[in-house]
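Please look through the model below with an eye to where its residues sit and what they touch.

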Amino acid sequence: MATTSRGRNQDRARVAAGQKHEVAYEATKENVSKDTVKKAVKSAGNSRKKVEAEIGRH
């Protein structure tokens, strides 16, 4: 697992809705707006698979 500059482990299976670059990446990947990604994280949780499934439902 990769580490951040602070020495913490990164978890690629999660979407950090508070991180602009994570939201932007997921929005570009799924071809939706950043707001849609944030709403999906809020309703489905921060699991990347659940967020992608939630986006796919709409």
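Glu26 is found in helix α1; helices here (H or I, at least four residues) and strands (E, at least two) are DSSP runs, numbered from the N terminus. The model is a predicted one, in which local features need pLDDT of at least 70 and side-chain atom pairs count only at pLDDT 80 or more, while totals for chains, interfaces and linings use all residues. Residues are numbered from 1 along each chain as its sequence is written, and side-chain values use heavy atoms, with hydrogens and water left out.

Is Glu26 buried or exposed? Its relative accessibility is 0%, so Glu26 counts as buried. Buried means under 20% relative accessible area, exposed means over 50%, and partly exposed is in between, with a 1.4 Å probe and protein chains only. Leaving aside residues up to four places away in sequence, Glu26 touches Val15, Val37, Arg48 and Glu52, where contact means heavy atoms within 4.5 Å.

Two packed helices are described by the angle between their axes and the distance between the axes. For α1 and α2, the axes come within 8 Å and cross at roughly 105°. The axes are lines fitted to C-alpha atoms, for helices over the stretch in contact, and the angles run from 0 to 180 degrees between N-to-C directions. On the α1 side the contact is made by Val23, Ala24, Glu26 and Ala27, and on the α2 side by Lys34, Val37 and Lys38. By class, this contact of α1 with α2 has 4 nonpolar, no polar and 3 charged residues. Ala, Val, Leu, Ile, Met, Phe, Trp, Tyr, Cys and Pro count as nonpolar, Asp, Glu, Lys and Arg as charged, and the others, Gly among them, as polar.

The loop between α1 and α2 holds Asn31. Most residues other than glycine have a negative phi. Asn31 is not a glycine, yet has a positive phi of about 60°. With 72% relative accessibility, Asn31 counts as exposed.

A further loop, between α2 (34-44) and α3 (48-57), is the place of Ser47. Ser47 has 18% relative accessibility and therefore counts as buried. Not counting residues up to four places away in sequence, Ser47 touches Ala13 and Arg14.

Next comes the segment before α1, where Ser5 is found. Ser5 is exposed, with a relative accessible area of 81%. Ser5 and Ser47 are 42 residues apart in sequence, and 23 Å apart in space from C-alpha to C-alpha. Gly18 is also found in the segment before α1, and counts as exposed at 71% relative accessibility. Between Gly18 and Lys34 there are 11 Å in space, C-alpha to C-alpha, and the two are 16 residues apart in sequence.

The largest pocket has a volume of about 330 Å³. Of the 13 residues that line the largest pocket, Gln10, Ala16, Gln19, His21 and Glu22 are the closest to its centre. Helix α1 (residues 20-30) gives the most to this lining, with 3 residues. The lining of the largest pocket divides into 3 nonpolar, 5 polar and 5 charged residues. On a 1 Å grid over the protein atoms alone, a pocket is an open set of points with protein on both sides within 12 Å along at least five of seven lines, whereas a cavity is a set where a 1.4 Å probe fits but cannot get out; lining residues have an atom within 4 Å of a point. Grid points are joined across faces, edges and corners, and a volume is the space filled by probe spheres set on the points.
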